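Open the model in your viewer and keep the selection tool at hand. The stops below each name what to pick and what to look for.

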Number of protein chains: 2
Amino acid sequence: MRLPLLLAAAALLIGAAPAKITPNDIVAKSPASAWKTIPADDLLVMDLANGGRVVIQLAPAFAPVHVANIKALARGGYWNGATIYRLQDNYVAQWGLNDSDKGLPAGVVAKPPAEYTRPLKGLAIKPLGSPDPYAPGAGFVDGWPVAYSAKEGWADLTHCYGTVGVGRDLSPDTGTGGELYAVIGHAPRQLDRVIALVGRVVEGIDKLSSLPRGTEALGFYKDKAQYVPIASMRLASDMPAADRPTFEYMDTASTTFADYLRVRANRYDDFYIRPAGGVDLCNVQVPVRRTVTGERG
Amino acid sequence: MRLPLLLAAAALLIGAAPAKITPNDIVAKSPASAWKTIPADDLLVMDLANGGRVVIQLAPAFAPVHVANIKALARGGYWNGATIYRLQDNYVAQWGLNDSDKGLPAGVVAKPPAEYTRPLKGLAIKPLGSPDPYAPGAGFVDGWPVAYSAKEGWADLTHCYGTVGVGRDLSPDTGTGGELYAVIGHAPRQLDRVIALVGRVVEGIDKLSSLPRGTEALGFYKDKAQYVPIASMRLASDMPAADRPTFEYMDTASTTFADYLRVRANRYDDFYIRPAGGVDLCNVQVPVRRTVTGERG
């Protein structure tokens, strides 16, 4: 598709995309080499009793002890009888056993370390290229939106829409991973480096975000009758192979993602008439999808 | 409340709040003088047939022709028979007549000008104090989160959670105001300066955000049976005085708001252990509440 000459010239002058193209166009035309498969051992499948399914990608590179705990909790049947018991609008959906004194399965660390950040060393970061209000640096590592400080040597996962974190009480209790929440509103980045983040919802976030909001303080449901029962929490690797959902994410080190990021920051098409020239970390939305098999254009 | 000396010193060194205080504390202790009443003529009350109420504050200072249209549409009964027909997760809820060819009431401008920005001149902006990825400047004007360019002389309302905008087709059609949407996800700031924004939801956004998501492209409901009927759209000023909801917002030029903004950017209390030192425009959330009568501490 060609632009009228004057428009194309203007677009170049202001650093905008030189042609009308959308992020979806880039996904649609992406080569298979731009995608990476999520290991089945890193997919946590939460089936709700109402038939909804929520699939979570775990992030062992950022919170290894908490993620190992979550895998042990799933395998040990810890969440039998669990519910979604908190829905706070523009904030979080939270689930688990809610103050149960149920014992922890074997292998679960009762007091994990505060995995709020990890060493920056060893991470290859694709920079966001726009300023971040919450940290000296922001960008992407292996599909994850991260913030970091080169000076202080840390990196952390960030509280974007769909990010999953570990509920905890006051410091220094970091939570076992038995109570989890997912962000269902504008990114509450003030929680970054204050809580252990363990992953993100890759499918079914709408099954959480469309639930009724709780009317008690902090969005807790008032009556237990409002709790949403969870039928099962399983790792995909523990499901029969034929039943396993499989997902892939765009490799954030690929040239395809570089194109995607550039267009995200400079929307310009028949609808978008003024490219912003920047984008917020949590508004980039790294593409994740059900694994595509067969040819791509 | 006192901090241990070392912590207090550390907090001062990194520019954090010198005492443990939350944004809610500041609201709770605010003087009456820190609040401004929303005129009844600027409150649009949408009652859903299911009993839910959504109250919208209109922004005539930013989109005067579109806001005048909306008032004329409400008074002219244009939205009789309207529905919510689109729910796209992490994006918008949209309502109106959805491609009806119903005639416009008297006084409605069929082709309003593109009120995507307004002159910066005449606006007293309280700066955000953190970088904004989408514009050279960001801050607050009379309770509204805005972006601006001092060099180019424009200011605009921003697409934050709850912001209400005017659905439109491709440019240069700007929409009459008959089809409206509210943001129900992470701020889609790429839409700033591309669409006319006319206000924000001040109560009842959860009545939109908790609706089932549409399964068609862009979140449109597949069957008309899924449409959520709107019982009425009225200006509060047209309601009987005893029935009118009344709201006030924190004066963003007040010292109370300056405190609130500082704490929003530097959360530090029993839970928040690492102040971020910055905050995203749409994560500040200017306090708006039902009008408080009587004494405040």
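Select Thr83(B) and look across to β5(B): the bridge partner there is Gly96(B). The two strands involved are β4 (residues 83-88) and β5 (residues 92-96) of chain B, paired in the antiparallel sense over five bridges. Strands here are DSSP runs of E, at least two residues long, and helices are runs of H or I, at least four residues long, numbered from the N terminus. Two strands pair if DSSP finds at least two bridges between them.

A word on the model before moving on. It is predicted; local features need pLDDT of at least 70, side-chain atom pairs count only at pLDDT 80 or more, and totals for chains, interfaces and linings use all residues. Residues are numbered from 1 along each chain as its sequence is written, chains are lettered from A and ligands numbered from 1 in the order written, and side-chain values use heavy atoms, leaving out hydrogens and water.

Now widen the selection in chain B. Eight antiparallel strands close into a barrel, in the order β2-β3-β13-β11-β12-β5-β4-β14.

Switch to chain A. Pick β1, β15 and β16: they form an open antiparallel sheet in the order β1-β15-β16. β1 (35-37) and β16 (288-290) stand at the edges with a single partner strand each, so one side of each has no neighbour in the sheet. Next, select Phe247(A); Arg290(A) in β16(A) stands opposite. Strand β15 (residues 247-250) pairs with β16(A) over three bridges.

Next stop: the contact between the chains. Select 47 residues from chain A and 47 residues from chain B (contact means heavy atoms within 4.5 Å). About 4,000 Å² is buried, 55% of it from carbon and sulfur atoms. Buried area is the accessible area (1.4 Å probe) that two parts lose on being put together, summed over both. Highlight His186(A), Phe271(A) and Arg274(A): they supply 18% of the area that chain A buries against chain B, more than any other three residues.

Finish at Ser210(A), in the loop between α4 (205-209) and β14 (228-235) of chain A. Which residues does Ser210(A) contact, leaving aside its neighbours within four places in sequence? They are Ser209(B), Ser210(B), Leu211(B), Pro212(B) and Arg213(B). Back in chain A, the backbone oxygen of Asp206(A) lies 2.7 Å from a polar atom of the Ser210(A) side chain.

Notes:
Polar contact = N/O pair within 3.5 Å; in protein donor to acceptor, adjacent residues only side chain to side chain.
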